[in-house]
Amino acid sequence: ASTLERFLPDEAATAMLGQDLALALRPGDVLALHGDLGAGKSTLARSLIRTLADDADLEVPSPTFTLVQSYEARFPVHHFDLYRLSSPAELDELGFDEMLEQGAVLVEWPEKAGDRLPESAARIELLEQDDGRLARITAPAEVEARIARSFAI
Ligand code: ADP
Ligand code: MG
């Protein structure tokens, strides 16, 4: 697969990327959100979830301590923050595999999941660049085509 890139000059641009990704997302998709602390993973996830729920004021807290927060949007969407995951095996207690089967899954700190993320997961990398961020998206061809289409709208 090739890589899509978009420069995000400010927080609003990160939120707009979340809106575009929400249009592209389908049940069964997994988005692995890579990036350092403060890169904008939660900002992106919040905007995506609000768009998918069609509710601009929806509370989307960072699931730092609960590790996962689920939403009934257009379809179920499960938002993970695995920073505090002690081992990939702990994912079983959270019902990770079941959630992969029913809805879309967003994962902050996907590195913590070891090899438990599906091969088909889309990789979204947020890198600090100048005063903004560079988003770099790599996904299987079918998913990437959907994302590219949502960018063009
Ligand atoms: P993470 O979940 O990756 O730790 P957060 O989304 O919680 O990051 O925080 C990101 C911080 O960076 C917020 O303060 C937000 O306002 C800011 N931010 C988000 N996107 C951008 C951007 N494109 N350019 C500059 N600052 C941004
Ligand atoms: Mg976060």
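In this predicted model, a nitrogen atom of ligand 1 lies 2.9 Å from a polar backbone atom of Leu8. The side chain of Glu11 places an N or O atom 2.7 Å from an oxygen atom of ligand 1. In the case of Ala39, a backbone N or O atom is found 3.2 Å from an oxygen atom of ligand 1. Ligand 1 taken alone exposes 580 Å², and 74% of that area is buried by the protein. Two or more residues of the shell around the ligand are given by each of α1, α2 (41-53) and β7. Helix α2 supplies the largest share, three residues. The shell is made up of 17 residues, of which Glu11, Thr14, Gly38, Lys41 and Thr43 come nearest to ligand 1.

Helix α5 was examined separately. This helix covers residues 141-152, twelve in number, and its first and last C-alpha atoms are 16 Å apart, close to the 16 Å expected at 1.5 Å a residue. Its buried residues are Val143, Glu144, Arg146, Ile147 and Ser150. These residues lie on the same side of α5 because they cover an arc of only 155° around the axis. In general, an α-helix has 3.6 residues a turn, so residues three or four places apart point the same way. On the face turned away from the buried side, α5 carries the exposed residues Ala141, Glu142, Arg149 and Ala152.

How values were computed: Residues numbered from 1 in each chain as written. Chains lettered and ligands numbered in written order. Predicted model: local features only at pLDDT ≥ 70, side-chain atom pairs only at ≥ 80, totals over all residues. Heavy atoms only, no water. Helix = DSSP H or I, 4+ residues; strand = E, 2+ residues; numbered from the N terminus. Expected span 1.5 Å × (residues − 1). Buried < 20%, exposed > 50% of the residue type's maximum accessible area, 1.4 Å probe, protein only. Arc of directions from axis to C-beta. Near = heavy atom within 4 Å. Polar contact = N/O pair within 3.5 Å; in protein donor to acceptor, adjacent residues only side chain to side chain. Areas by Shrake-Rupley, 256 points an atom, 1.4 Å probe, with all protein chains shown as cover.
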